[in-house]
Amino acid sequence: MFNVCAALQEFYDTHVRLGNERRQALAGHRDANLKRLSDGLTALKNEGRVKCGPYAKSYTQGSFAMHTLNQHADNDYDIDVGVLFEEYCLPSSALDSRNLVAEALVKAGGNFAKDPESRTNAVTVWYSEGHHVDFAVYRRRKTAAGLVVLEHASTDWRTQDPLDVQTWFDDRVQKLSPSAGSGRVPSGQLRRIIRFAKAFTRSRDSWSLPGGMITSALTVECYKPDAYRDDAALHNTLAALSSRLSASTAVRNPVEGTSWLTSKTEHENQVKRMRDRLSENMPKLAVLFGADCTEYQARSAWDWVFNHSYWRETPAAKTQRADERAAIGAIDIRVDVAFQ
């Protein structure tokens, strides 16, 4: 298979990985909204409308916490935050609890694109810049037997630990990724492969493929590690994913194992479209295995996957750009950045 590891790493560092600057900016939006929520709850308490002030604890969740959030040209970043309350601080119903959080955010005010919205699983704060913050509401309750349980305010209260997904994902990355060493890939290969898979699902606006959790769950399930090459691991994982979806488009929740991420028709249709797009594009990578494959052909093949101008650069233009960057000392030679 034609080796594009160096190009894939550059693509990852330049066009996929979120990077420290963007990550810090998004963390700032997260923190500002948590303060806004605390201020709104305090104001409602002072008015005698709620029993408690600020929430008990917050958790960063989703792709931001998993370090699988990719760059987005339109700043359409999803920041997931869990907020935990003691049971007595919230209304008894899950819907009323979400509505309370939405009301507290409105009470505190802010530069919203529209008022915070109480949706099925979270309260969403939309920003005109493109990003949004989702607040998942949790309560801590003691059962009649004296057990402490954490519950998520979804369509009803459902037992769920806010850190369950993060714990599952960190375990998979650590156990499935090859260990780093001389001549081997940097640590955390599975995380990079998931980011590449997400870059594929978002490579065409018209596709409407699955969101981050479904893509992550499928990629973990089908992951084919390679201790020496990320490009080989990516190709083999995509091939395995294509075969898996040809057999079934149902995706089980990998954390609890008793529910399905594709229970909604909309999500199942997204996975079916993912199956079809993989089936169409995987044959384009066959050229990589030809003995006479050129760099131009290899880059063109990967362009079918990512649909990005980076892969359409000529080798000469790429070399010239690298020389110009080196001349001003702007090139980053690290290859082991796994997170940002």
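With which side chain does the side chain of E10 make a polar contact? The partner is the side chain of Y310, at 2.7 Å. By a polar contact I mean a pair of N or O atoms within 3.5 Å; within protein, one must be able to donate a hydrogen and the other to accept it, and residues adjacent in sequence count only if both atoms are side-chain atoms.

Before I continue, a word on the model. It is predicted, so local features need pLDDT of at least 70 and side-chain atom pairs count only at pLDDT 80 or more, whereas totals for chains, interfaces and linings use all residues. Residues are numbered from 1 along each chain as its sequence is written, and side-chain values use heavy atoms, with hydrogens and water left out.

E10 itself is located in helix α1. Helices (H or I, at least four residues) and strands (E, at least two) are DSSP runs, numbered from the N terminus. E10 counts as buried because its relative accessibility is 17%. The classes are buried, under 20% relative accessible area; exposed, over 50%; and partly exposed, in between, with a 1.4 Å probe and protein chains only.

I turn now to the cysteines. The structure holds one disulfide, that is, a pair of cysteine sulfur atoms within 2.5 Å. It joins C52 to C89, with an S to S distance of 1.9 Å. The two residues are 37 apart and link distant parts of the chain: C52 belongs to the loop between α2 and β1, and C89 to the loop between β2 and α4 (94-108). The link is left-handed, with -75 degrees about the S-S bond. Both C52 and C89 are buried.

C293, by contrast, is in no disulfide, and its nearest cysteine sulfur, that of C5, is 14 Å away. C293 is buried, since its relative accessible area is 11%. C222 also counts as buried, because its relative accessibility is 6%.

K51 is in the loop between α2 (20-46) and β1 (57-61), and it counts as exposed because its relative accessibility is 66%. K51 and C89 are 38 residues apart in sequence, yet 5.6 Å apart in space, C-alpha to C-alpha. Leaving aside neighbours within four places in sequence, K51 is in contact (heavy atoms within 4.5 Å) with K45 and Y88.

Next, the interior. A nonpolar core is a set of buried Ala, Val, Leu, Ile, Met, Phe, Trp, Tyr and Cys residues joined through side-chain atoms within 4.5 Å. The largest one has 46 residues, of which F196, L218, L234, L278, W302, F306 and W311 touch the most other members. Helices that each supply at least two residues of this core include α1 (5-16), α5 (164-176), α8 (230-247) and α10. Not counting residues up to four places away in sequence, L278 touches F200, L238, L241, S242, L245 and P283. Apart from this core lies another, of 34 residues, with V81, C89, L90 and V123 among them.

Finally, the backbone. Most residues other than glycine have a negative phi. H67 has a positive phi of about 60 degrees although it is not a glycine. H67 is placed in the loop between α3 (62-66) and β2 (78-86), and counts as buried because its relative accessibility is 17%. N307, likewise not a glycine, has a positive phi near 50 degrees. N307 is found in the loop between α10 (295-306) and α11 (315-327), and counts as partly exposed because its relative accessibility is 34%.
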